Amino acid sequence: MVDRALQQRLDGLLLQDTKGWLARDPLRFPRRFGDPADQEIVGLLAAMLAYGRVELFAPVIEKILLLMAEKGGPTLFVDGFGSEEEEALRPVLYRWNRHPDFARLFRMMQRVRQDFGKIGAAFEPGPPKKMLGGGIQRLRARVALPMDQWSVGFRTWLPSPEDGSACKRWWLYLRWMVRQEAPDLGIWTHLDPSQLLTPVDTHVSRIGRLVGLTGRKDAGWRTAEEITASFAELCPRDPVRYDFALAHLGISEGCAGRFVAEICGSCPLQPVCREGTG
Ligand code: SF4
């Protein structure tokens, strides 16, 4: 049972000035575009690269957006993707993802758009595992290379919920596309925000434990379910409404998971956090 005092505190967190948070968030990339087709393409790219430090992956996304701009924008880039675009991606790399992974991702998006009209249409309404797992499976089926030949880097982009992975980057992408309220884009209106799971990263997992949203220590699928169930007690129609703010308490505000006077002193969650006082 979630304490109502926590809800008041989380609502207080939502009232914080989020401009600085957005400037550090990969959601800022799809938000630059007005056309939903561009938004879902750039959103998928940004979500796939949203691992590690934002200072490191943001320049890679910027580099690809420049290549897209040279071809008239994200949608024209994907729909016309061919050997010339693949060659232009050759210098692009991020950690274990190399240019063939990026080329494969854009060719997959191209196939999905040819078959479904838009990426979002590959995802069907349903309970979380079915909605996400079915969507990823339809995308996997449009990769022009057998799975046993995928690179390790590409494999991490298309996980299976059946493996216990929290699929954090996919729930992040779905949150951006499905939630109807800012800062999210809400362009996939055929899907129900109440069926979203929390994108659990280290920050959300740790802070979730500190304020009693979960008792679990891992950042896997079951923890995502547990945190979402706690949020759903507070807001069943939109259980991931607090995710952006909670994540940025760690990403932008520097929550260290333990009492640090200068950080905890101004934290809206201090009264309900078990590390909130020294
Ligand atoms: S009170 Fe401190 S430890 Fe607790 S959530 Fe806030 S910043 Fe993190």
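Let me begin with the domains: the assignment for this chain, with bounds taken from an automatic or database domain assignment, gives domain 1 as 1–19 + 197–278 and domain 2 as 25–191. What you see is a predicted model, in which local features need pLDDT of at least 70, side-chain atom pairs count only at pLDDT 80 or more, and totals for chains, interfaces and linings use all residues. Residues are numbered from 1 along each chain as its sequence is written.

The C-alpha centres of domain 1 and domain 2 are 27 Å apart, and their contact (C-beta atoms, placed from the backbone, within 7 Å) draws 16 residues from domain 1 and 12 residues from domain 2. On the side of domain 1 that touches domain 2, the elements giving two or more residues are α13 (221–234) and α14 (243–251), where helices are DSSP runs of H or I with at least four residues, numbered from the N terminus.

Now to a pair of helices. How do α4 and α11 cross? The axes of α4 (residues 36–49) and α11 (residues 168–178) come within 9 Å and cross at roughly 150 degrees, the axes being lines fitted to C-alpha atoms over the stretch in contact, with angles from 0 to 180 degrees between N-to-C directions. That makes α4 roughly antiparallel to α11, a term for angles over 145 degrees.

As for the residues involved, Glu-40, Gly-43, Leu-44, Ala-47 and Met-48 of α4 meet Arg-169, Leu-172, Tyr-173, Trp-176 and Met-177 of α11. By class, this contact has seven nonpolar, one polar and two charged residues, with Ala, Val, Leu, Ile, Met, Phe, Trp, Tyr, Cys and Pro counted as nonpolar, Asp, Glu, Lys and Arg as charged, and the others, Gly among them, as polar.

Key:
Two residues are in contact if their C-beta atoms, placed from the backbone, lie within 7 Å. Angles under 35 degrees count as roughly parallel, over 145 as roughly antiparallel, 65 to 115 as roughly perpendicular and the rest as oblique.
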